[in-house]
Every structure is written in C-alpha cells, then in structure tokens.
Amino acid sequence: MTRKVEIFDTTLRDGEQTPGISLNAKEKLEIAKQLEKLSVDVIEAGFPIASNGDFSAVKAIAEEVRGPIIAGLARATSKDIDRAAEALKPAERPRIHTFIASSPIHMKYKLKMTEDEVLEAAVAAVKRAKSYVEDVEFSAEDASRSDIEFLCRLYSEAIKAGATVINIPDTVGYATPREFANLVTTLMERVPEIDKAKVSVHCHDDLGMAVANSLEAVLCGVTQIECAVNGLGERAGNAALEEIVMALNTRKDFYKVEHSINTRQIYRTSKLVSTITGIAIQPNKAVVGANAFAHEAGIHQHGVLAEKSTYEIMTPESIGLATNTLVLGKHSGRHAFAERLKELGYELPQDELDKAFERFKELADKKKEVTDLDIEAIVEDQAVKLPQSIEVECFQVSTGNKAMATASVRVNINGEIVEEAATGSGPIDALYRALERACNIDCKLVDYSIKSVTGGKDALGEVTVKVDKDGKIFLGRGLSTDIIEASVMAYANAMNKTLWNNGNGKSS
C-alpha cells in the first residue's frame with residue numbers, strides 16, 4: 001500500500017514572518033480559503049498569542065475553513081497554549097502546535113534553562129494542550145543542532161504526554177541532506193514510542209537545501225512535511241510547497257508516496273500569495289516562475305515542438321497554468337466573461353462577479369485584448385480589498401525635466417471631500433505628498449515597485465508600495481494601464497490599511 005505524506009502549510013505563520021510582510025485578517029482568510037482549494041492537509045493559521053490581530057485571524061480561519069486541520073502555534077507556556085485553544089475553538093479539526101528549543105546554544109543563551117527544565121516544560125505544555133484538543137504537535141526547535149541523546153528523551157516524553165505529531169525542525173537551515181537523513185533515521189529508530197505519532201519535518205533554506213532536506217526525510221519515512229507557498233518564511237525562507245509537491249508528483253517512481261494536493265491549484269495559490277504579500281516571484285523560480293515553462297534556445301524550442309517531454313518534465317496545465325492567453329475584448333458580454341472565469345477556476349458570488357465585470361469592461365476600453373493574466377490580476381486585486389475609507393476621486397500632475405513636479409488631488413474621506421496640492425522631486429513624490437496632506441496621515445514610503453502584468457504598450461501595470469506608519473508596515477497595490485494612476489491607487493490602498501489598523505476604518 002502506497003504511503004501518504006501530508007502537507008502542512010505554514011504560509012500564514014512562518015511565511016508571514018518574512019521580513020516586510022504583515023497580513024490583516026481578511027488577507028489571511030483569503031489565502032486560507034485558497035489553501036483549502038489546494039487541499040493541504042494542515043493550515044498553520046498563525047501564532048494567536050503574538051497579537052490581537054493574529055488571534056482574530058486564526059479564529060476567523062477556524063470558523064470559516066473546513067477540510068484541513070487548523071493549527072495554532074504556541075510556545076511551551078500555559079498562556080500561549082490557552083490563547084491558541086481559545087482561537088481554535090470554532091475549528092472542525094483543531095491542532096495546537098507547541099514548541100521549545102532543544103539545542104545547547106538556544107538553551108544556554110535564549111532560554112537560560114537546563115535540559116531537565118526544558119524537558120519538564122515540554123511535557124507540561126503537551127499535557128495542557130492535550131486537555132483542550134486531541135491533536136497536539138510538538139516541535140524541538142533547532143533539532144538539527146541538538147544533542148541526539150537529549151532529543152530522543154525529549155520526543156519520547158512528548159509522545160508519552162500525548163503528542164500525536166512530533167516535528168523535527170532544521171530551524172536555521174544548517175543541516176545537509178545526508179546529515180538530516182541520518183538525524184531523522186536515528187530518531188525513528190531510537191525513540192521507542194515513535195510509532196504512536198506522525199513524524200514531521202520543518203526545514204529552512206539558509207543554505208538553499210530546505211527542499212532537498214525535506215525530500216530526504218520522505219525517503220526516511222516521515223509522514224508530514226511542513227512548507228510554505230513560494231518558500232516564504234524567516235530569513236531565506238522555508239521549503240517551498242510547490243517544489244516539494246511537484247517533486248513528489250513528477251518522481252512518483254522514486255519517492256513512491258501519495259499526497260492530497262490538487263496540483264492544478266498551485267499556480268493560482270502562488271500568484272495569490274505573491275499578490276497579497278507583495279513578494280514577487282523570481283522569473284527562474286522552480287515550478288511557478290515566469291520562465292519555468294519558457295524555452296529560449298533554438299535547440300530547446302525545436303525539441304519541445306517535436307515532443308514536449310524532451311524539455312518539459314511536467315506540463316503547465318498540471319499546475320493550473322493556462323496555455324491560452326488570448327481571452328476577451330471590449331465587445332465580450334457578461335456571460336462570456338463569467339464562463340472564462342469558471343475556466344480559470346474562479347467561482348465568484350454575484351456581487352463580486354458584477355464588480356469584476358465592471359473592472360474588465362473598463363480595462364477592455366483601454367486595451368485591445370484582455371488576457372487571462374489581466375483577468376486574474378483584476379480578480380485577485382478585488383478579492384482582498386478592505387472597504388475604502390479613502391477614495392481618490394481625481395488627481396492631476398504636472399512635471400518636466402526643467403520644471404518642479406506639482407500635483408493636486410481630490411479625495412473622499414468617509415464622505416468628506418478634501419482637496420490638496422503639493423510639490424515633489426517627481427510626479428509620484430508630489431502625488432504622494434498631496435495624498436498625505438489631504439488624508440492627514442504621516443507615513444513613510446519604504447518600498448515602491450512596478451511591473452507589467454502582460455506585455456505590450458497597453459499592458460496593465462501593477463504598482464506595489466510599502467509604507468511605514470508608526471513602526472508598522474502596510475502594503476498597497478494598484479492596477480491600471482496608466483502607471484501614474486496605478487501608483488496613486490497603491491498609495492491610497494496602503495493608507496486605507498493604516499486607517500483600518502486604527503479601528504473602524506477611520507483616522508485617529
């Protein structure tokens with residue numbers, strides 16, 4: 001009988017710890033719903049004790065997402081575990097994931113605890129978590145740099161205390177594939193109770209070996225892999241979900257395991273996470289990068305035209321990437337648009353469909369041809385928008401190589417019309433200064449990026465900005481064929497998020 005490997009997705013917890021990412025509850029829920037469509041086995045929804053926002057997001061996901069196990073992370077303390085249990089109450093299948101560091105360097109410098117104290121805290125944490133839920137995961141943080149004798153004791157006692165999953169993390173990406181395989185094998189051989197729990201691994205990519213280490217662990221018999229979409233996570237990130245899944249899928253002959261992932265949802269999941277987090281996918285990224293199925297060299301093109309398998313070991317369709325990019329134009333009707341959305345895998349409620357169709361018609365008036373990528377951008381942009389407290393009704397900008405850039409804006413703020421003007425070092429700077437004045441919001445632009453969704457002079461442009469407000473980072477996104485308009489939309493979007501962070505969508 002073929003063994004199944006479960007996919008534990010930590011995009012919403014470890015992935016959100018990627019520097020520069022800060023997700024609100026609505027954005028987390030949108031990603032969680034897509035992970036449900038992807039059919040991951042476990043969604044680690046967050047770290048409930050970290051903030052009220054994280055608690056609310058975990059609770060919302062526990063309430064609305066069905067199918068996958070919903071996990072909440074907790075340190076090995078009563079306060080953390082109680083908070084996680086409270087957030088997970090509505091979950092159909094809750095799991096508390098508790099952890100404590102086990103390596104000498106962590107115990108000495110971070111925890112300031114002895115081995116016996118760590119062991120006692122771990123057992124107490126597992127027992128407390130078990131009093132709330134049946135499914136408890138225990139992780140020994142920095143396992144790959146821990147003493148093997150102590151690690152065996154720690155995992156053994158955790159299982160005796162009630163842990164149903166034990167996780168072996170390579171927390172700082174230190175292990176090589178051979179070392180990690182030896183660690184996993186040793187633990188599976190020397191922990192007597194190991195057959196009473198699922199064995200999981202969580203690998204980081206500091207030396208670029210997270211996926212390789214995870215796949216080595218599969219060969220050693222583990223039954224769960226922890227990973228994140230697009231490899232997001234602390235420092236260099238986690239093992240990339242899409243790479244692990246497609247490796248298992250493409251090389252079934254070698255790994256001989258099954259998984260539950262709907263691979264045709266991989267591309268859309270990757271795109272949605274990239275859009276919401278503002279972390280672009282590098283073109284040469286395995287599986288989901290723009291060049292993953294592109295062929296430049298003549299000999300490669302000739303081979304693919306003759307037989308795709310000469311240079312493609314998996315198909316674009318297998319990850320849900322549409323090969324037909326030409327879609328609709330300005331004469332296309334609502335029915336044709338709705339049908340195309342279904343073909344792309346989007347099932348929208350009527351009100352969202354109506355809004356998306358309006359955006360499509362506006363774009364079709366500006367572009368001769370609207371592609372699948374344009375439509376995906378419209379739908380994804382709309383999906384995670386908060387109610388708009390700030391709406392830019394109109395703007396005007398004047399600039400030149402020998403003239404100071406000036407800009408004026410008219411803004412509707414919760415029903416009140418405000419007009420302001422400003423000068424700047426360029427048109428974008430002038431517009432952003434005018435917006436800040438009109439909204440009476442003092443924030444700092446820390447990142448500005450621009451890219452085209454498709455090719456051509458009439459391409460839909462996507463602008464992503466990150467602003468710092470009182471030490472918190474907020475991401476804004478704008479789409480338009482006019483890059484100045486997209487820039488204004490992105491900044492207004494980020495400013496809206498700063499207001500919602502203050503509560504009730506109103507400025508403080």
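This is a predicted model: local features need pLDDT of at least 70, side-chain atom pairs count only at pLDDT 80 or more; totals for chains, interfaces and linings use all residues.

Analyst: Val123 gives you an example of residues that are apart in sequence: Ala161 is 38 residues away along the chain, yet their C-alpha atoms are 5.9 Å apart in space. Val123 belongs to helix α5, residues 115-130, and counts as buried because its relative accessibility is 17%, where the cut-off for buried is under 20%. Setting aside neighbours within four places in sequence, Val123 is in contact with Glu157 and Ala161.

Now the overall picture. The chain holds 17 helices and 18 strands, and its C-alpha atoms fill a box of roughly 75 × 65 × 45 Å along the principal axes. For 508 residues, a compact globule would have a radius of gyration near 23 Å, and the chain's 25 Å agrees with that. Of the 508 residues, 53% count as buried. The chain exposes about 22700 Å², with carbon and sulfur atoms supplying 49% of that area.

Here's your close look. Helix α1 covers residues 25-38 and helix α11 covers residues 266-277; they pack at an angle of about 170°, with their axes 10 Å apart. Angles over 145 degrees count as roughly antiparallel, so α1 and α11 are roughly antiparallel to each other. On the α1 side, the contact uses Glu27, Glu30, Ile31, Gln34, Leu35, Lys37 and Leu38. From α11 come Ile266, Arg268, Thr269, Leu272, Val273 and Ile276. Sort the residues of this contact by type and you get seven nonpolar, two polar and four charged.

Helix α13 (residues 334-343) and helix α14 (residues 350-366) pack at about 110°, with their axes 11 Å apart. That makes α13 roughly perpendicular to α14. Here α13 brings Arg334, Phe337, Ala338 and Leu341, while α14 brings Leu353, Asp354, Ala356, Phe357 and Phe360. This contact divides into seven nonpolar, no polar and two charged residues.

How values were computed. Residues are numbered from 1 along each chain as its sequence is written. Side-chain values use heavy atoms; hydrogens and water are left out. Axes are lines fitted to C-alpha atoms, for helices over the stretch in contact, and angles run from 0 to 180 degrees between N-to-C directions. Helices (H or I, at least four residues) and strands (E, at least two) are DSSP runs, numbered from the N terminus. Angles under 35 degrees count as roughly parallel, over 145 as roughly antiparallel, 65 to 115 as roughly perpendicular and the rest as oblique. Contact means heavy atoms within 4.5 Å. Ala, Val, Leu, Ile, Met, Phe, Trp, Tyr, Cys and Pro count as nonpolar, Asp, Glu, Lys and Arg as charged, and the others, Gly among them, as polar. The radius of gyration is taken over C-alpha atoms; the globule rule is 2.2 Å times the number of residues to the power 0.38. Buried means under 20% relative accessible area, exposed over 50%, partly exposed in between (1.4 Å probe, protein chains only). Accessible areas come from the Shrake-Rupley method with a 1.4 Å probe; for residues, only the protein chains shown count as cover.
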